[in-house]
Amino acid sequence: MEQSRIQALGDELYQAMLGREAVEPLTSRGEDISIDDAYHISLRMLERRLADGASIIGKKIGVTSKAVQNMLNVHQPDFGYLTDDMVFNSGEVMPISDRLIAPRAEGEIAFILKKDLIGPGITNADVLAATECVMPCFEIVDSRIRDWKIAIQDTIADNASCGLFVLGNQAVSPRKVDLVTCGMVVEKNGSVISAGAGAAALGSPVNCVTWLANTLGEFGIPLKAGEVILSGSLVPLEPVKAGDYMRVDIGGIGSASVRFA
């Protein structure tokens, strides 16, 4: 795909984000968009955000669990960038009505790095050695693509459907919790709506971060010390609206909560 077209599509998605106006799927327009094209479109969108004053604080892995893959009919992981204007603390009110188009919440485990990870060749042991702590997290994904009608190229181009995220107040060493068997319970407005375990995300959230480090390494992009890495949902996506309250509890790690406005 020509560079001018990549820039135009990245600009279109950026404007869709600013104006909260969804656009038609990029893959429905009769253009041949490769996975590589889609990542370059997402980088153009990121370029526009950085030019507006945002800064990168981490990265996210998307579409890791079978529940989410089946829901979206997207059957491979992807990645996107986290910026400082996306993050909220546990218990804060999140203004989704002003920021997002079609928000959906998912419970995740966040990794906070203390060392760089530069693929390829990264192992799970490398990831654990480079991780300062893990934290409970809600990612509130959003799609600038109308009605979430996404192919893998659409969600990649759209910064892996990034929206906003919430980090919990607790943090533990990744070596002090079984990240494969740890259980997650998600509540919405006081009722349990879903449950999952670490194994739901590519067998382990550690596998997800390893995959990300090695995939980004192919593009010459490191995971950096101090970054937040969202490792992928362990439960199905849940649509949310203003007035909703959600809480996630993860065995051995802690909890996070958010109220939407």
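## What we're looking for

Work on a 1 Å grid over the protein atoms alone: a cavity is a set of points where a 1.4 Å probe fits but cannot get out, while a pocket is an open set with protein on both sides within 12 Å along at least five of seven lines. Lining residues have an atom within 4 Å of a point. Grid points are joined across faces, edges and corners, and a volume is the space filled by probe spheres set on the points.

This is a predicted model, where local features need pLDDT of at least 70 and side-chain atom pairs pLDDT 80 or more, though totals for chains, interfaces and linings use all residues. Residues are numbered from 1 along each chain, and side-chain values use heavy atoms, leaving out hydrogens and water.

## The cavities

The structure has two cavities of 30 Å³ or more.

Helices (H or I, at least four residues) and strands (E, at least two) are DSSP runs, numbered from the N terminus.

## The largest pocket

The largest pocket holds about 180 Å³ of space. Its lining has 14 residues, and M17, R49, R99, L100 and L164 lie nearest the centre. Both α1 (3–19) and α4 (96–99) supply at least two lining residues.

Here the lining splits into six nonpolar, one polar and seven charged residues. Asp, Glu, Lys and Arg count as charged, Ala, Val, Leu, Ile, Met, Phe, Trp, Tyr, Cys and Pro as nonpolar, and the others, Gly among them, as polar.
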